[in-house]
Amino acid sequence: MKFLSFEYDGNKTYGVKVKREDAAWDLVRVFETTKTKDYPKTLLEALQQNNTLDFQELVRQTVEKIEAESNADDYKVAFTNMKFLPPVVPTNNVIAIGRNYTDHAKELNNEVDELYVFTKAPSSLIGDNAEIPSHEDVTKALDYEGELGVVIGKYGHKIPKALALDYVYGYTIINDITARDLQKEHAQAFLSKSLLGACPMGPYIVTKDELPTPENANIVTKVNGEIRQDGNTKDMVKKIDDLIAEISQYVALHPGDIIATGTPSGVGAGMKPPVYLKRGDEVKITIDGIGTLTNTIGE
């Protein structure tokens, strides 16, 4: 299943993609109409309840009931009529991994560290088709990084590597927008990567049963139609189970937490000369089995 959060007709809600249609079932309305008791009001709440509630099965059964109704189309919202939101806003910062692709580390003259971790503030999250502010008042070097995002589905602390994938609910796309000049000036990553709008995410969370080989998925980033990044998750230095096991040795992971797993080579800072994002640029990141995350640089 592909879950998403969106705004429609002035209300924030969430849904599941309609098969073979560019539309979503408005799950809040579906649950209300079918008189589903104690249904999750947000996608984050659904993830938080997932240990005691088989959310996917609940959605499947409830959507089947609506599909049998003569007015079923009334519960669908076309993508063109909605504003995409970040699928989920975690209670913690977004956890991000740097230098997890050897070629990307080399293009920025960095060494591949054992584990290079930073975070992005939840306030940096925006959805598909949203504008990324140019932040020209504080940076002249805004850059993109297409990444696979891992969505945690249940609480865990000190998770054994052999069990790590059991804690994954699904996957999404992250654009780890970075102000390279600030990153260098500050000698740390948090502020330079947490500007408002600096963490586009989405358009969906794809459940892990629909992406059985997340470590063999192509990642392609285009800027104004030009391919800049053309990588594959098989080249990650630290694999998904490594990351979950190592991070959870220190930080408790909660349902809805996001781990951005690093970016392949081809970022603007690695070009000769560097080419940074400017107003009007369109950035598209496509990952096999998930979809395409599209954003533009605004004012």
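Colleague: Good to look at this one together! In which loop is the place of lysine 35?

Modeller: Happy to start there, and do keep in mind that this is a predicted model. Although lysine 35 is not a glycine, it has a positive phi of about 55°. Its place is in the loop between α1 (27–33) and α2 (43–48).

Colleague: Is lysine 35 buried or exposed, and what is its relative accessible area?

Modeller: The cut-off for exposed is over 50% relative accessible area. Lysine 35 counts as exposed because its relative accessible area is 70%.

Colleague: Let's go on to alanine 187, which has a positive phi although it is not a glycine. Where is its place?

Modeller: The phi of alanine 187 is about 60°. At 70% relative accessibility, this alanine counts as exposed. Its place is in the loop between α5 (180–186) and β14.

Colleague: Let's step back to the whole chain. How many helices and strands does the chain have, and what is its radius of gyration?

Modeller: The chain has six helices and 19 strands. Along its principal axes, the C-alpha trace spans about 60 × 45 × 30 Å. A compact globule of 299 residues would have a radius of gyration near 19 Å, and the chain agrees with that, having 19 Å.

Colleague: Now the rings. How are phenylalanine 3 and phenylalanine 55 arranged: stacked, edge-to-face or tilted?

Modeller: The structure holds six aromatic pairs. In the pair of phenylalanine 3 and phenylalanine 55, the ring centres are 5.1 Å apart and the planes are at 35°. Stacked needs under 30 degrees and edge-to-face over 60. With its planes at 35°, this pair is therefore tilted.

Colleague: How many residues apart in sequence are the parts that this pair ties together?

Modeller: Phenylalanine 3 is in strand β1 (residues 2–8), whereas phenylalanine 55 belongs to helix α3 (residues 55–67). Both phenylalanines are buried.

Colleague: Which residues form one aromatic cluster?

Modeller: Tyrosine 14 and phenylalanine 55 also form a tilted pair, with 6.3 Å from centre to centre and 35° between the planes. Tyrosine 14 lies in strand β2 (residues 11–17) and phenylalanine 55 in α3, so this pair ties together parts 41 residues apart in sequence. Tyrosine 14 is buried, as is phenylalanine 55. The one cluster is made up of Phe3, Tyr14 and Phe55.

Colleague: Where are proline 203 and proline 273 found?

Modeller: The peptide bond from glycine 202 to proline 203 is cis, with omega near -5°, and the bond from lysine 272 to proline 273 is cis with omega near -5°. Proline 203 is found in strand β14 (residues 199–207). Proline 273 is found in the loop between β17 and β18 (282–287).

Colleague: Last one! Leaving aside neighbours within four places in sequence, which residues is threonine 102 in contact with?

Modeller: Threonine 102 has its place in helix α4 (residues 102–107) and is partly exposed, at a relative accessible area of 33%. Valine 112 is ten residues apart from it in sequence, and their C-alpha atoms are 6.4 Å apart. With those neighbours left aside, the contacts of threonine 102 are Val112 and Val237.

Definitions and conventions
Residues numbered from 1 in each chain as written. Predicted model: local features only at pLDDT ≥ 70, side-chain atom pairs only at ≥ 80, totals over all residues. Heavy atoms only, no water. Helix = DSSP H or I, 4+ residues; strand = E, 2+ residues; numbered from the N terminus. Rg over C-alpha atoms; globule rule 2.2 N^0.38 Å. Phe/Tyr/Trp six-rings, centres within 6.5 Å; stacked < 30°, edge-to-face > 60°. Buried < 20%, exposed > 50% of the residue type's maximum accessible area, 1.4 Å probe, protein only. Contact = heavy atoms within 4.5 Å.
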